[in-house]
Amino acid sequence: MDAMELLRTRCSSSKLGGPPPSVEAVEAMLEAAARAPDHGRLRPWRLILIEGETRRALGDLLTESLARRNPLAGEPVLTREREKALRAPLIIAVATRFDRSAKIPVVEQIVSAGCAAHGLMLAAFAQGLGAFWRTGEAAYDEAVKRAGADDLIIGFIYVGTNTGAPPSRPRLAVPDFARHWTGDGRKPTLS
């Protein structure tokens, strides 16, 4: 797939299934993530691969997190939370480890990790795989973060075979989000 075509057509999958991505496909995704912009060469991202039976352990962790945050959550809600970890054959948690001693602001390190996550998504799509990015309250839960993140969980990238319907969300028109700066001191506005 041509790079511009990839960038213009990439979309998140609505539903994923097996088979899981090949070892080679995952390696290519990880290599793409490593090409994220990285001011200061800090590599502030960490990628944690969750697959096979370890997804059940993640489901248990997500369920414990929800039960702690919402003690009134009933069994059906807790079951749905547990099953989130089984949405795809591979989940890649994108986490950060900040270097607070560096000259690079933390926000730039967060954006770099976000770019690594986007690289994963692009590489999955380029290889004919489906993927979607989720965070949710569990990503901000201290116990969940302690399981693999040093500072923040940027998101969980779910990867598998796209088994859902094509996206129904219309593409944005460029004039809806981009304007040329006029240089006259006025802030560019969108219609």
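## Starting at Glu51

Leaving aside neighbours within four places in sequence, Glu51 is in contact with Pro89 and Leu90. This is a predicted model, so please read every feature below as part of a prediction. You can find Glu51 in strand E2, which covers residues 45-51. Its relative accessible area is 42%, so Glu51 counts as partly exposed.

## Salt bridges to look for

How many salt bridges does a search of the whole structure find? The search finds seven, and three of them are described here.

One of these pairs is Glu53 with Arg56, where the closest N and O atoms are 3.1 Å apart. Glu53 is exposed, at 58% relative accessibility, while Arg56 is partly exposed, with a relative accessible area of 45%. Another pair is Glu137 with Arg69, with 3.0 Å between the closest N and O atoms. Glu137 sits in the loop between strand E4 (130-134) and helix H6 (142-146), and Arg69 belongs to helix H3 (residues 54-69), so this bridge ties together parts that are 68 residues apart in sequence. Glu137 is exposed, with a relative accessible area of 56%, and Arg69 is partly exposed at 31% relative accessibility.

Next comes Lys145 with Glu142, whose closest N and O atoms are 2.9 Å apart. Both residues are in helix H6, and because they are three residues apart there, about one helical turn separates them.

In soluble globular proteins, nonpolar side chains tend to be buried together. Here, the largest nonpolar core has 21 residues, and Met29, Leu120, Ile157 and Val159 have the most contacts inside it. Helix H2 (23-33), strand E3 (90-96), helix H5 (106-126) and strand E5 (153-162) are the elements that give two or more residues to this core. Which of them gives the most? That is H5, with seven residues.

## A closer look at helix H5

Helix H5 has 21 residues and reaches 30 Å from its first C-alpha to its last, which is close to the 30 Å expected at 1.5 Å a residue. Its buried residues include Gln109, Ser112, Gly114, Leu120, Met121 and Leu122. What covers the buried residues of H5? The cover includes helix H1 (3-9), along with H2, E2, E3, E4 and E5.

Follow the chain out of the helix and you come to one more detail. Just after H5, Gly128 takes a positive phi of about 80 degrees.

Notes:
Residues numbered from 1 in each chain as written. Predicted model: local features only at pLDDT ≥ 70, side-chain atom pairs only at ≥ 80, totals over all residues. Heavy atoms only, no water. Helix = DSSP H or I, 4+ residues; strand = E, 2+ residues; numbered from the N terminus. Buried < 20%, exposed > 50% of the residue type's maximum accessible area, 1.4 Å probe, protein only. Contact = heavy atoms within 4.5 Å. Salt bridge = Lys/Arg side-chain N within 4 Å of Asp/Glu carboxyl O. Core = buried A, V, L, I, M, F, W, Y, C linked by side-chain atoms within 4.5 Å. Expected span 1.5 Å × (residues − 1).
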